[in-house]
Amino acid sequence: MGYFPLWRPATGATVLPDEKLPWAAAIPMSFQHLLAMSGSTILAPLIMGFDPNVAVFFSGIGTLLFFAITGGRVPSYLGSSFAFIAVVMAATGFAGGGANPNIGVALGGIIAAGLVYALIGLVVMAAGTGWVERLMPPAVTGAIGVSIGLNLAPVAVGQLKGSMAHLAIALATVLCMAMVSAYGTRATRRIAVLIALAFGYGLVLVFGNGAGLVPGIDFSRVGQAAWFGIPNFTAPQFDWTAISMIAPVAVVLVAENLGHIKALGAITGQNMDRYIGRGFLGDGLATMIAGAGGGTGVTTYAENIGVMAMTKVYSTLIFPVAAVIAILLGLSPKFGAILQTIPAPVLAGLAVSVFGLIASAMARIWVDNRVDFSDPRNLFTVGVALILGAGDFTVTIGGFALGGIGTSTLAALVIYQLLGIGRDRRGA
């Protein structure tokens, strides 16, 4: 068996990872995956004050790198990770709205997180995943994930502040996303972020550009922008305080990617555990490359896993095609100028929706894995982690600062292991 599979033509309704579709079917499927990832990949950089065009460009680069490192055997798209939002905003002092003036120090921290992540991948490749699963069981990973969502709550609430018209459009955007998620078809639920964005955008055109109740959308930069050009890359700066706050996100990415690859194994019927280490390495290197040029940290996307589960098309060849399209979009300043016109009340509504979903979706880990909260080990691990994360408890020692996500992560990891000392496996 070679490094890459010998993709054979698909013959059945289910297309396996090592099968291929004809181009007439593969290209539309690639666009569907691009659409599924685009809402979140665009939203995360906008919230952090990054250039969304650069983020889209590096999502394509990262996906190609992930494809190469995993030998084309793990069907995944890499997009902007929401796990970085809280720590990046804390490290840069950014409260939302416009461009982040301290993006350089955030990029240095993102590179550091990617390096830690890649090193964990190398260890997993050498020693297997057993130690990761023992270190980060569902009680721990759920606590860390929920803490991220709760830590972002003040950011979302802050963005809601404004005129009544601003608040009304933001809440209408929240309601739109909720309605699509609850009542939409399976296909529309996958792009709920994009639909809500378009709905809110339309409201601002009507009540802003039309009625003047909120600031209207300025399209002047869109008209002036070129169709093709080099993205606005930004150089990283390495600040130990920012690195100490952002690097611990690597632990969250490990837990996230581990769950995604296991989910892919379950829906494809193929055991992909042997590619987990390579997946970590690929994702870590992709995050480092993105951070080196002004992009957000990246992660494998559940949205694209959802598309695969819906279509039963798991061919890995779909993803490099989607990646190339993303790179071409990233090379279009006009596309980037359009993204920059997304109004503040719409971003506020999306922030409320997405940050809340981060917390609630990660809480689902406890439900799916039947975490026993009558066990004090789980109860104290989760309780302490949530308080530290939601309260943004920061520890500062000299020039070293560990923010709320870092202290929450550290507390969850340490408390769970300490409370397991002396317990046999049946009581763990």
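Tutor: Let us begin with helix 6, in which Ala139, Val140, Thr141, Gly142, Ala143, Ile144, Gly145, Val146, Ser147, Ile148, Gly149 and Asn151 are buried. Here buried means under 20% relative accessible area, exposed means over 50%, and partly exposed lies in between, with a 1.4 Å probe and protein chains only. Because 12 of the 14 residues of helix 6 are buried, this helix is largely enclosed by the rest of the structure. The model is predicted: local features need pLDDT of at least 70 and side-chain atom pairs count only at pLDDT 80 or more, whereas totals for chains, interfaces and linings use all residues. Residues are numbered from 1 along each chain as its sequence is written, and side-chain values use heavy atoms, with hydrogens and water left out.

Helix 6 covers residues 138–151, and at 1.5 Å a residue these 14 residues should span 20 Å; the end C-alpha atoms are 20 Å apart, which agrees. The expected span is 1.5 Å times one less than the number of residues in the helix. Helices (H or I, at least four residues) and strands (E, at least two) are DSSP runs, numbered from the N terminus.

Helix 20 is mostly covered, with 11 of its 15 residues buried; among them are Gly404, Ile405, Leu413 and Tyr416.

Serine 360 is 324 residues from alanine 36 in sequence, and their C-alpha atoms are 20 Å apart in space.

These parts belong to a chain with 20 helices and six strands. The radius of gyration of the chain is 21 Å, close to the 22 Å that the globule rule gives for 428 residues, so the chain is as compact as a globular protein of that length. That radius is taken over C-alpha atoms, and the rule is 2.2 Å times the number of residues to the power 0.38. The C-alpha trace spans about 70 × 55 × 45 Å along its principal axes. Of the 428 residues, 54% count as buried.
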